[in-house]
Amino acid sequence: WRWMISGQGTFRLCWDILLFCLLVYVAVVMPYTLAYLPESDFQNGMNVFMTSCFCFDILLNFRTTFLDEAGDEVRSPYL
């Protein structure tokens, strides 16, 4: 099918690693900066970037293949 992304592909692996790094940033750095540091342009830019990545990830999940019970990769965008 057109425009489907393999769930076991390199792009998906790199995307998941990027999201993991962003989640670590949200869990560790964000509380510290909100509590102790004044607002900055970098912080606002990171917030926009992270929100955009998380929203794009939701859309990307609709176009990602998955494995069925038999272990076959399902490439159809329809269930």
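I looked up Asp-16 and found it partly exposed, with a relative accessible area of 37%; on this scale buried means under 20% relative accessible area, exposed over 50%, and partly exposed in between, with a 1.4 Å probe and protein chains only. I note that this is a predicted model, in which local features need pLDDT of at least 70 and side-chain atom pairs count only at pLDDT 80 or more, while totals for chains, interfaces and linings use all residues. Residues are numbered from 1 along each chain as its sequence is written, and side-chain values use heavy atoms, with hydrogens and water left out.

I then turned to the salt bridges (a side-chain nitrogen of Lys or Arg within 4 Å of a carboxyl oxygen of Asp or Glu), of which the structure holds two. Asp-16 meets Arg-12 at 3.4 Å, N to O, and both lie in helix α1, four residues apart, about one turn of the helix; helices here are DSSP runs of H or I with at least four residues, numbered from the N terminus. Arg-12 also forms a salt bridge with Asp-57, with 3.9 Å between the closest N and O atoms. Because Arg-12 lies in helix α1 and Asp-57 in helix α2, this pair ties together parts that are 45 residues apart in sequence. I recorded Arg-12 as buried, at 9% relative accessibility, and Asp-57 is buried as well.

Last, I followed Asp-57 into α2, where the buried residues are Gln-43, Met-46, Met-50, Cys-53, Asp-57 and Leu-60.

Notes. Helices (H or I, at least four residues) and strands (E, at least two) are DSSP runs, numbered from the N terminus.
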